[in-house]
Amino acid sequence: MNEPQPVTLPNGLVLQCDTCRNETFEYHRWKLQATGMTFMGMDWANRDATCFVCTECRRIHWFHPV
Ligand SMILES: [Zn+2]
């Protein structure tokens, strides 16, 4: 399910960890709402953010739903 894997972003770039330059990530989908950010009347607040967790340093790289 969360097999560590390289990630290619929609713009064609390969995701590289900001901190340790690792290129292997675990994939998660987390509710933006679960972060404590709630925006009344904004439907995207209920959607899932796309999150990649670095397998080396555990940094979370997360992306806003399109
Ligand atoms: Zn890292």
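Q: Which residues coordinate the zinc ion, and at what distance?
A: In this predicted model, the zinc ion is coordinated through the SG atoms of Cys-17, Cys-20, Cys-54 and Cys-57, at 2.3 Å. Along the sequence these donor residues follow the spacing C-x2-C-x33-C-x2-C. Cys-17 sits in the segment before strand 1 (25–31), while Cys-57 belongs to the loop between strand 2 (48–54) and strand 3 (60–63), so the pair ties together parts that are 40 residues apart in sequence.

Q: Why is the arrangement around the zinc ion tetrahedral?
A: Four donors count as tetrahedral if all angles lie between 85 and 135 degrees, and here the four donor atoms subtend angles of 102 to 119 degrees, which makes the arrangement tetrahedral.

Q: Is Cys-17 buried or exposed?
A: Buried means under 20% relative accessible area, and Cys-17, with a value of 0%, is therefore buried, whereas Cys-57, at 33% relative accessibility, counts as partly exposed.

Q: Which residues line the largest pocket?
A: Rolling a probe the size of a water molecule over the atoms shows where empty space is left. The largest pocket has a volume of about 150 Å³, and its lining consists of Val-7, Thr-8, Leu-9, Pro-10, Thr-50, Phe-52, Phe-63, His-64, Pro-65 and Val-66, which divide into seven nonpolar, three polar and no charged residues.

Q: Where is Val-53 found?
A: Val-53 is found in strand 2 and is buried, with a relative accessible area of 5%. Leaving aside neighbours within four places in sequence, Val-53 is in contact with residues including Phe-25, Trp-30 and Ile-60.

Methods: Residues numbered from 1 in each chain as written. Predicted model: local features only at pLDDT ≥ 70, side-chain atom pairs only at ≥ 80, totals over all residues. Heavy atoms only, no water. Donors = N, O, S within 2.8 Å, 3.2 Å for Na, K, Ca; no water. Tetrahedral: all angles 85-135°; square planar, octahedral: opposite > 155°, others 65-115°. Helix = DSSP H or I, 4+ residues; strand = E, 2+ residues; numbered from the N terminus. Buried < 20%, exposed > 50% of the residue type's maximum accessible area, 1.4 Å probe, protein only. 1 Å grid on protein atoms, 1.4 Å probe; cavity = no way out; pocket = protein on both sides within 12 Å on 5 of 7 lines; lining within 4 Å. Points joined across faces, edges and corners; volume = space filled by probe spheres on them. Nonpolar A, V, L, I, M, F, W, Y, C, P; charged D, E, K, R; others polar. Contact = heavy atoms within 4.5 Å.
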